Every structure is written in structure tokens, then in C-alpha cells.
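This report goes through one protein chain, from the overall fold to single residues. The sequence and structure come first.

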Amino acid sequence: MKRSLFLGLLTGILMITAGCEKPPPTESPLASKIRRFAPTTIAADTSTLSKGDRAALARLIEVTKIFDRLYLRQAWSGNEELLRKLQADASPDGKEMLHYFNINMGPWSNLDHDSAFVPEVPKRPPHANYYPDDMSQEEFNAWVNTLPESQRRQATGFFTTIRRDSAGKLVIVPYSQEYAELLAPAAGILRDAAALTDNASLREYLLKRADAFLSNDYYESDVAWMKLDSPIEPTIGPYEVYMDKLYNYKAAFEAFIALRDNEETARLERFASKLQEIENNLPIDPRYRNPKLGALAPIRVVDEVATGGEARAGVQTAAFNLPNDERITGAMGSKRVMLKNVQEAKFREILTPIARVAIDPAQQPWIAFEPFFTHILAHELMHGLGPHNITVQGRKTTARQEMKDLSSAFEEAKADISGLFALQYLIDRGVVDSSMEQPMYVTFLAGVFRSVRFGITEAHGRGMALQFNYLMDAGAFEYDESAGTFRVNFDRIKDAARKLTGEIMTIQAQGDYASAKQMLDRGAVIRPPMGRVLDRLAAIPVDIEPHFPLSP
Ligand code: ZN
């Protein structure tokens, strides 16, 4: 999975949220679906932007509107016409449907197995509008097998649609041609913005991206995006392939227009400069430590200003890794972009109400966004530390390979718990302020409930349940039976987090699949006290519905 939605796996959400609300008696079924998305203002500070960048930003926000149209067109051949119909419908029902259409960017409810909520709309087409509505997979497979290699690559590539010619034969159409009507004005806007900004790397990216819209070759502009060093951090293009349910070949258009968070970027750099020292002090046998960490994959912390296309649909993205093009990721890795103001909104609208239910009232004052976000940063950085390339009985291999199906859950658990270990290490040495200590552990405990709320089949939730039960058994978390709440035992948590970090990393270093399995089988479960708390979270929103003041 390339992106984190902050809420656990979408399919997990689908299973639980249907039918678990008690709507007011007057509320329509659609209104109760809409109520799962808390309306939230997503603001960003533009005051430090130069005059040129401010003008460029205004132009880039315009591009998001074009990307909405591109995405609607890609999702379903009937989408744009349906939207016009809903916009013209002044009835209360019509208005409600339009509202929910805008949340989902289409007539299917993402949180309800993509079920249609507008009458007479067909089931969501698995081929989206990337392939002809009357094409079968057999026909496509047979056709692709007749193609020469270069055309086969095109047919199965990210940036082409498949259509029929006048004789009914399947043909390849590049996005630059299929969507020329919208991509040409989008390219024009990017060029205008490029002329306005005073940042050279942004100008380079925008010009190359504009070229890509017309040439259909995205490589150079993806490279320019990786090298972006600019107060404005836009991500504009065809990227994720989830909507192509037939093959996961075709990329959907989306746009994130964001501003770099300079304070967090500086903090990230401060952490990054300590990573080798943390590695050298990991609670594992010294021979498992990496004496020379590789270069750090780029991480950007940004605030969202506007989104368009797929980025607007359904559950809001809280962080993403791009690009997906393996020519780039193979040579220079991928860049992780963390949307801080989106995470803050989700923290406020979802995690805070969860904490009010799940956490001992005496410890609730310690729930705070700063330790929450700092731990997320630590989690991302800690993925790069600990055993990765390992030797098992003289054989060179990787922890990932040896952990097989358990590798993701185990690696996520490692990043979480070693994130706590690393922050404690930095607190003990005065690099991170000691006022962070108690809030960090209590906020982490509240976050456990957010992660496992939608089930423990997905790697993050599974890894979280493992940590939670380990820390319960170690007496580091405690359950108050009469109040039905949990609390942190500050006398035990530090040692327990250190010990669990060591156990998980040692299993990874030894490629010990059997021990990993034993640990997950025992720990990655929902025991009754946690289950009872989860039952009491049903009415808390599932996600946010963002409103961008700069992009009304
Ligand atoms: Zn992770």
C-alpha cells in the first residue's frame, strides 16, 4: 500500500461501519452516511510565501478543479453527466446526494463496499473508464498477447486508456490524447505558475510536468518532483492504480497542493542527524547493528492547501509515498510526503473523541497532537533502522524475505515501538524536551484504539494489537475494570518498550519466522477489555470532510 489513510485499511472500515450507528429518528439513511465524515477546515499559513510564490499558488489551486474533472471522467463514463444532473436538482434529496457525491467523487459509497447511493446507477465498474464498458478480461488478455513488446508495455502501462476503433478493434490511446481537452489547459496553468514562482526547483518541476501532460512521458518530471526544494510542494499527475480493479495498470489523476512546514522540516533534520547514534544504541546484540546507515529517503512535512481528483475521493490521505514508476524508485527511491494539517484534523476529530472514551480521565490531559505527530515521524525514520540485510546460516537474505507473510505486520510493530524507544533515547539526552515524555506514551496508547478500531487483518492494526497486549502483559498499560478505561504505568513503560524493541529486532536479525509467528499468534488479538472499549467507539466519525479556505 502506497499511502496511509490514518484509519487502517479501507476494507476493514467497510466491514465494521455499516449499520453500527444509531441515527436520530428524523435522519435519512444518506444523512447518517454523510455524518461519518466530520466537516473540518484545513488551513495553511501562506504568510511566509514570497509574492511570486503566492501568485503561483493561486494558479496551482486552479489546476485542482481540472483534476476533479479528469478523475470523474476516469472513474465512470456516466459520472460527469450525473454530476450535472445532481447540480441541477434543487430538492433536499438531490442536495444530499450531491453532497455525498462530492465526498466520494462519484455515486458509490467508499465506506460501504462501494454501494451506489444514487438511484438507477449501475454497480461500480471494475474497469472504471479506462477500458471499453463492453470489454472482457479474456478479450484484453488475448489482444495483449498479439502485440509486439513495445506496444504491450503501452497497453499495460500507467498512462494509456484502451478504446475501440471504428472497426471495434481494441486500440491504445495515450492520456495526452484521451484527455487532451483538459490536459492542455492544465499544462498552460502549470506554465503560468512556473513563470510566477521565484523558486528554481519548483519552476523546473512545473515546466517538466506541463511537458509531460502533452508528451505523455512523465519520467523527467517525476525526477524533478523528487528533487523539489521549495516552499510550495505540489504533487500533480496520474499516480495510483487502485481504481483499475481489473489489472491495477492505469493511473488516476490527483493533485495535492501543499506548503512545506519549515519547523517540522528542521525537526526532522535534527532527528535525522541522530539516527546513526540511535542505531549504535539499539537494544540488540551489537553484531546486529548497522555500522553505516544508508542515505535517508526524502521525507517532506507539508500542509495541504487544496486537493483535486482522486485525492478528494472518500477517506482522506494523511501521507503518501511516490512516485510508483520503478525506473525512479529503483534509482532514487521514493519520497514520503506527510500531510501535517490533515493529520492534525483527524487527530482532533477522531483520536481526541476516542481518547475521551478509552483513556483514564486522569491521563487525558496528556493527549496532544505534537507527541502524536512526533511519534509518526519517528515511526517513519525507524523503518530505516534495525536489521534489514541479514545472514541466516551463512546465506545472505533480508528480514523481509524471511518473515514472509508476517513481514509487514512485524515491520510496522517494529517502527512503532522502536519509535517510542528512539524518542525516549532523545529525551534522556536532552535532544527532545522532557515535557514530551508522558504525553508521548498516553497519546500512543489512545492511538492503539484508532489503529485496531477497524480490525486487525491489516499490517498496522495487527502490529498495534501485538504491541498493546505485550505492554499490557508487562504491566506497562493497565485496565480499570470499573471505568472501562486504560492508562499508562510510567514506572514500567520505558523498560517494556525497550525490551519489545529488542525482541522484535532480534527476531528480524535472525530471520526467525517461527518465533515471529508465535509472537503474532499470541499477541495480535483483541482481548475482551479492548473489545468492550471498541464497541463504545461506534458513533465517533470515521474520517473528515475537508474544507479548504483557499480553495472554496
Ligand atoms: Zn510504517
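## Overall fold

Of the contacts in the protein with a separation of 6 or more, 73% are between residues 24 or more positions apart. The model is predicted. It contains 23 helices and 16 strands. Its radius of gyration is 24 Å, close to the 24 Å given by the globule rule for 552 residues, so the protein is as compact as a globular protein of that length. Along the principal axes, the C-alpha atoms fill a box of roughly 70 × 60 × 55 Å.

Buried residues account for 57% of the 552 residues. The protein carries 64 positive and 72 negative side chains. The centres of these two sets are 2 Å apart.

## Zinc site

Which residues coordinate the zinc ion? The ligands are His 379 and His 383, each through NE2, and Glu 412 through OE, at 2.1 to 2.2 Å. Along the chain the donors follow the spacing H-x3-H-x28-E. Distant parts of the chain are linked by the pair His 379 and Glu 412, which are 33 residues apart. His 379 belongs to helix 16 (residues 369-382), and Glu 412 belongs to helix 18 (residues 407-428).

Are His 379 and Glu 412 buried or exposed? The cut-off for buried is under 20% relative accessible area. His 379 counts as buried because its relative accessibility is 7%. Glu 412 is also buried, with a relative accessible area of 13%.

## Backbone exceptions

Most residues other than glycine have a negative phi, and most peptide bonds are trans. A few positions in this model depart from that pattern, as listed below.

The peptide bond from Leu 322 to Pro 323 is cis, with omega near -5°. Pro 323 sits in the loop between strand 10 (319-322) and helix 14 (326-332).

His 113 is not a glycine, yet its phi is positive, at about 55°. His 113 is placed in the loop between strand 3 (108-109) and strand 4 (115-116), and it is exposed, with a relative accessible area of 57%. Glu 120 also has a positive phi without being a glycine, at about 65°. The loop that holds Glu 120 runs between strand 4 and helix 6 (137-146). Glu 120 is exposed, with a relative accessible area of 83%.

## Buried positions in a helix and a strand

Ser 451 is part of helix 19 (residues 437-452). With a relative accessibility of 9%, Ser 451 counts as buried. Apart from neighbours within four places in sequence, Ser 451 contacts Gly 461 and Met 464.

Thr 397 is part of strand 13 (residues 395-398) and counts as buried at 8% relative accessibility. Its contacts, leaving aside neighbours within four places in sequence, are His 388, Asn 389, Ile 390, Val 392 and Glu 402. Thr 397 and Ala 345 are 52 residues apart along the chain, and their C-alpha atoms are separated by 41 Å.

## Loop positions

Where is Gln 364 found? Gln 364 is in the loop between helix 15 (340-358) and helix 16, the helix that also holds the zinc ligand His 379. At 22% relative accessibility, Gln 364 counts as partly exposed. Not counting residues up to four places away in sequence, Gln 364 touches Ala 355, Arg 356 and Ile 359.

Lys 245 is in the loop between strand 7 (232-238) and strand 8 (253-260). Lys 245 is exposed, with a relative accessible area of 52%. The residues that Lys 245 touches, not counting those up to four places away in sequence, are Asp 114 and Pro 126. Lys 245 and Asp 261 are 16 residues apart in sequence, and from C-alpha to C-alpha they are 35 Å apart in space.

Notes:
Residues numbered from 1 in each chain as written. Predicted model: local features only at pLDDT ≥ 70, side-chain atom pairs only at ≥ 80, totals over all residues. Heavy atoms only, no water. Donors = N, O, S within 2.8 Å, 3.2 Å for Na, K, Ca; no water. Helix = DSSP H or I, 4+ residues; strand = E, 2+ residues; numbered from the N terminus. Buried < 20%, exposed > 50% of the residue type's maximum accessible area, 1.4 Å probe, protein only. Rg over C-alpha atoms; globule rule 2.2 N^0.38 Å. Contact = heavy atoms within 4.5 Å. Lys, Arg positive; Asp, Glu negative; His and termini not counted. Charge placed at Lys NZ, Arg CZ, Asp CG, Glu CD.
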